[in-house]
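Please read them beside the sequence and the coordinates.

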Amino acid sequence: MTLNDDIAPAPASVGLSGTAAQLPVSPVLVPTLVAVTALVSIVSSLGAPLIPTIAQADHVSLGTAQWVLTAALLTGALATPTLGRLADGARQRDLILIVLVGVLTGCVLAALSNSFDVVVAGRALQGFGLGLFPVTMAIARRHLPPAKAGRPIATLSITVAIGGGLGYPITALIVQAFGVHAAYWFGAIIVGLAIPVAAIVLPRRTPMSIRPFDRLGATMLSLVVLGIMVVLSEGGVWGWTSPLALGIGAGCAVLLAVWIPHELRRRDPLVDLRQVRNRSVLTADISGFLLCVSMYLFVPVAFEFVQIPRSTGYGFGASITISGLVFVPLSAGTFAASRGLAFLEGRFGSRGIIPLGALIIALSEAVFAVEHSSLWQTFVAAGGVGIGVGLTFAAMPGFIVRAVPRSDTGSAMGFYQVLRYIGLAAGSALGASVLTGATLKGHTFPAESGFRTTLFIAAGMCVATALVSYVLPGRVSGRGVESSDGGLPAAAPSVNEEAEFANSVMMLAEIQPASDRRAAAE
C-alpha cells in the first residue's frame with residue numbers, strides 16, 4: 001500500500017481529536033509537534049531577510065532575487081492541499097519525515113550553492129515545509145483526547161507565529177555575522193536534529209479505512225497554480241498581452257474549468273468546493289485571499305525599503321538586523337489584537353471585525369506610502385498592519401466554523417488555507433512585477449514610485465476586503481452569519497474545543513505571511 005492510497009477520513013462522530021484519541025501516545029508528543037512547527041516556520045523565514053544580500057552576491061536584480069521567496073511560497077501552495085488530504089490517512093509520521101528530509105535537502109543545497117539558480121531550487125524544496133502545519137494539527141486532533149487537544153493546537157499556531165517572528169532577526173544576525181550560506185546551514189542543522197526526534201516520538205500508524213486520493217485533481221490544481229504564478233511573476237517582462245502570457249493564462253482558465261466540475265463529481269475530492277455555497281464560508285475565503293495578497297505586498301516593501309541605501313534618495317540604509325526587527329511590532333500587534341477579538345465581537349458584533357481590521361491595514365499601508373521619511377514610521381506602520389491582521393485572521397475561522405457542520409470543518413478550513421497560500425504567493429509575485437516595472441534599465445533599485453504604487457495596491461486590496469466582508473455575509477443573527485439570499489443556513493455555534501481550534505488556526509495566519517514575503521525590482 002502506498003502513501004497516496006493510505007487515506008481515510010475521521011468518523012463524523014469523532015470530536016476535535018479524531019479517531020485515535022484513546023490510543024497511548026508519547027508524553028513528549030506535543031513538544032515534538034511544537035518543535036517541528038517552530039523549525040519549519042523558522043526555515044520558511046530564511047528567504048525574506050536575504051533578498052538584498054543574495055541580489056548583490058549573485059549579481060542579480062532585486063526582482064530576480066524575489067524568486068528566493070516566490071519559489072518557497074509556490075511549492076507551499078502546491079503542497080498544502082495534497083499534504084492536508086494525506087494527513088487524513090494512517091501514515092502521518094511518514095508524511096512529516098518525508099517532507100522534513102526534503103526541507104533538509106533544500107537547506108543543504110542552498111548552503112552549498114554557488115549560483116542563484118541552485119539557491120532557488122533549494123528554497124523550493126524548503127517551501128514544502130509550509131504544508132506541514134495542518135499535518136501537525138491533524139496529529140494532535142487524532143491522538144489527543146478531545147478535552148486535551150484544544151490547548152496543544154492553540155500552542156502549535158502560536159508557535160508558528162513565534163517561529164516566523166523570531167526567524168527574521170535570527171536570520172539577520174547570522175547573515176550579518178557569518179554570511180548567507182551560514183543561514184542555510186543553520187536551517188539544515190535544526191531540521192536535521194528534528195528528523196530523528198520525530199521518527200522516534202510520532203505515532204507510527206493509525207488503523208484507518210482506505211480512501212482513494214484524487215491524483216488527477218491534485219495535478220490539475222498544481223498546474224493552475226503554477227501557471228498563474230509564472231504569469232504574475234514574468235508578465236511584466238514578457239508583456240501582459242504577449243502571446244506567451246495570454247496562452248498560459250488561457251490554459252489555466254481551461255484547466256480550472258475542468259477541475260471544478262471534476263472536484264464536484266468526486267465523492268472524495270481533493271478540495272470540497274461545495275462548502276463555498278455558504279456565503280459565510282465564501283466571505284472568509286475571499287477575505288483571506290485578498291488580505292494575504294495585501295500582506296505580501298506590504299512586507300517586502302517594509303523590509304527592503306529600510307535597507308535601500310540613502311543615496312537613492314528614499315531608503316534608510318539600515319542593516320539587515322534592523323530590517324528584521326521591523327517585524328517585531330507586526331508580530332506583537334497581531335498577537336495583541338487577536339487576544340482582544342472576543343471583547344470586540346461582544347461589543348460590535350462579528351460582522352464588523354473583518355472590515356474593521358482590513359481598514360486598519362489599509363490606513364497603515366496608505367499612510368506609509370505617503371509618509372516614510374523616518375525609520376520609526378516603518379515600525380509604526382508594521383504595528384498598525386499587525387493589529388489589523390490580528391483582528392481579521394482571528395475572525396475568519398470563526399465565520400467558517402459557525403457556518404458549516406462539525407463534520408465538515410476540516411475540509412472547509414483546508415480550502416481556506418489553500419487560498420491563503422495562493423494569495424501569499426500571488427502577492428509576492430505581484431509585488432516583484434510592480435517593482436520590476438519601476439526599475440530603470442541599468443539600475444539595481446526601483447524608483448521610489450514603485451514602492452509607493454505597491455503600497456497603494458495593497459491598501460486597495462484591503463478596502464475591497466472590507467466591502468466584501470461586510471456585504472457578502474448577509475444578515476447576522478445570534479447564531480452567526482446568516483445568508484440573506486436563502487442559501488445554506490448558518491450552523492449552530494461551535495463547541496468550545498472547535499472555537500479553540502479556530503482561534504489557533506487564526507494565529508497561524510498572522511505571522512507566517514509576515515515571515516516570508518518581499519517585493520523587488522529588476
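1. In which helix is the place of Arg402? Arg402 lies in helix α17, which covers residues 375–403, where helices (H or I, at least four residues) and strands (E, at least two) are DSSP runs numbered from the N terminus. Arg402 counts as buried because its relative accessibility is 17%, the term buried meaning under 20% relative accessible area, with exposed over 50% and partly exposed in between (1.4 Å probe, protein chains only). The C-alpha atom of Arg402 is separated by 8.4 Å from that of Ser280, although the two residues are 122 apart along the chain.

2. On the basis of the comments: this is a predicted model, in which local features need pLDDT of at least 70 and side-chain atom pairs count only at pLDDT 80 or more, while totals for chains, interfaces and linings use all residues. Residues are numbered from 1 along each chain as its sequence is written, and side-chain values use heavy atoms, with hydrogens and water left out.

3. For the chain as a whole, the protein has 20 helices and two strands, and 59% of its 522 residues count as buried. Taking contacts (heavy atoms within 4.5 Å) between residues at least 6 apart in sequence, 83% join residues at least 24 apart.

4. Helix α5 (residues 92–112) and helix α6 (residues 116–127) have axes that come within 7 Å and cross at roughly 160 degrees; axes are lines fitted to C-alpha atoms, for helices over the stretch in contact, and angles run from 0 to 180 degrees between N-to-C directions. That angle makes α5 roughly antiparallel to α6, given that angles under 35 degrees count as roughly parallel, over 145 as roughly antiparallel, 65 to 115 as roughly perpendicular and the rest as oblique. In this contact Gly102, Val103, Thr105, Gly106, Cys107, Leu109 and Ala110 of α5 meet Val118, Val119, Ala121, Gly122, Leu125 and Gln126 of α6. The residues of the α5 and α6 contact comprise eight nonpolar, five polar and no charged, where Ala, Val, Leu, Ile, Met, Phe, Trp, Tyr, Cys and Pro count as nonpolar, Asp, Glu, Lys and Arg as charged, and the others, Gly among them, as polar.

5. Leu97 also belongs to helix α5, and with a relative accessible area of 16% Leu97 is buried.

6. Leu29, Leu33, Val36, Thr37, Val40 and Ser41 in α1 meet Phe133, Thr136, Ile139, Ala140 and His143 in α7, a contact whose residues divide into seven nonpolar, four polar and no charged.

7. Thr283, in helix α12 (residues 279–305), is buried with a relative accessible area of 0%. Not counting residues up to four places away in sequence, Thr283 touches Phe399, Ser469, Leu472 and Pro473. Ser469 is itself one of the buried residues of α19, among them also Gly450, Phe451 and Thr454.
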